[in-house]
Amino acid sequence: AREKTMEETRELENAQELPATLAECAELVMRTPSIPTKSALSRRIVELWKNNELPVGSANPPDHPVREVPVCDAGQAPRRGIGTLANRIALVHSLAHI
């Protein structure tokens, strides 16, 4: 199966009806395995949120990621300093996963 182009992904996401609340939209993104689809959904949700079109609401997020995520022991993770901008960005990104 071939990868969807960005245009096809955007068309698909524009056609999909979104949930009624921000929390439910976040749950939808968490339950979506495709990274391009997650990105397209997120962009639509941000626009709705910025335009005050979504109440906060509540949802039931999944207990585990919907796609397989590689996990390693902390001792096996690459060591990075924080001296460069790229390494500081990587550190903040990794903290976002905790």
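Reader: In which helix does Leu95 lie?

Author: This is a predicted model, in which local features need pLDDT of at least 70 and side-chain atom pairs count only at pLDDT 80 or more, while totals for chains, interfaces and linings use all residues. Residues are numbered from 1 along each chain as its sequence is written, and side-chain values use heavy atoms, with hydrogens and water left out. Helices are DSSP runs of H or I with at least four residues, numbered from the N terminus, and Leu95 belongs to the one covering residues 85-96, helix α4.

Reader: Does Leu95 count as buried, partly exposed or exposed?

Author: Relative accessible area decides this, with buried meaning under 20%, exposed over 50% and partly exposed in between (1.4 Å probe, protein chains only). Leu95 has a relative accessibility of 48%, so this residue counts as partly exposed.

Reader: What is the length of the polar contact between the side chains of Thr37 and Ser34?

Author: Thr37 lies in helix α3 and, because its relative accessible area is 10%, is buried. A polar contact is a pair of N or O atoms within 3.5 Å, one able to donate a hydrogen and the other to accept it, and residues adjacent in sequence count only if both atoms are side-chain atoms. The side chains of Thr37 and Ser34 are joined by one of 3.0 Å.

Conventions
Helix = DSSP H or I, 4+ residues; strand = E, 2+ residues; numbered from the N terminus.
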